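Please read the following points with the sequence and the structure open beside you. They are written for someone new to reading protein models.

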Amino acid sequence: VRRSAGRAQRHDVFVVRGNSGQMRKLANEDACIEWARQRGFRILDPAQMTVDQLVHELRDARCVAGVEG
């Protein structure tokens, strides 16, 4: 992963949970996504990406936000 080229440096990413795994849906997920989008965050859905694509997008991100654990 450390040798992989990233999309950018010091960019912001918001990871959506989608319908995979344990359901931990935000009551206001759409509003959170829109908030992040308005601030220039790249919105990612890992279920729609390969591991290489995900690494490319997350590498060197300044901020990664989303719902986990």
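1. Helix α2 lies across β1, β2 and β3, and the helix runs at about 155° to β2. Please keep in mind from the start that this is a predicted model, and that among the elements of the protein it is helix α2, covering residues 51-58, that has the lowest mean pLDDT, at 90, while strand β2, covering residues 42-44, has the highest, at 95.

2. Within helix α2 you will find Glu-57. Is Glu-57 buried or exposed? Its relative accessible area is 7%, and because buried means under 20% relative accessible area, Glu-57 counts as buried.

3. Three strands make up an open sheet, in which the order is β2-β1-β3 and the pairing is parallel. Strands β2 and β3 are the edge strands, each of them pairing on one side only, and from one strand to the next the twist averages 25°.

4. How many bridges join strand β1 to β3? Strand β1, which covers residues 12-15, is joined to β3 by four bridges, and the two strands run parallel.

5. The phi angle of Asp-60 is near 65°, which is a positive value in a residue other than glycine. With a relative accessible area of 33%, Asp-60 is partly exposed, because that class lies between the limit for buried, under 20%, and the limit for exposed, over 50%.

6. Arg-62 also has its place in the loop between α2 and β3, where β3 itself covers residues 63-66. The relative accessibility of Arg-62 is 49%, so it counts as partly exposed. Which residues does Arg-62 touch, not counting residues up to four places away in sequence? They are Arg-10, His-11 and Asp-12, and with Asp-12 there is a polar contact of 2.5 Å between the two side chains. Arg-62 and Val-13 are 49 residues apart in sequence, yet from C-alpha to C-alpha they are 8.2 Å apart in space.

7. The protein has two helices and three strands, and when it is read along the sequence the pattern is β-α-β-α-β. Of the contacts with a separation of 6 or more, 75% are made by residues 24 or more positions apart.

8. Two further descriptions concern the surface. Of the 69 residues of the protein, 19% count as buried, and the accessible surface comes to about 5100 Å², of which 47% belongs to carbon and sulfur atoms.

9. A last point is about confidence in the prediction. The mean pLDDT of the protein is 84, and 81% of its residues reach 70 or more.

Notes. Residues numbered from 1 in each chain as written. Predicted model: local features only at pLDDT ≥ 70, side-chain atom pairs only at ≥ 80, totals over all residues. Heavy atoms only, no water. Buried < 20%, exposed > 50% of the residue type's maximum accessible area, 1.4 Å probe, protein only. Contact = heavy atoms within 4.5 Å. Areas by Shrake-Rupley, 256 points an atom, 1.4 Å probe, with all protein chains shown as cover. pLDDT = per-residue confidence, 0-100. Polar contact = N/O pair within 3.5 Å; in protein donor to acceptor, adjacent residues only side chain to side chain. Pairing = 2+ DSSP bridges. Axes fitted to C-alpha atoms, helices over the stretch in contact; angles between N-to-C directions.
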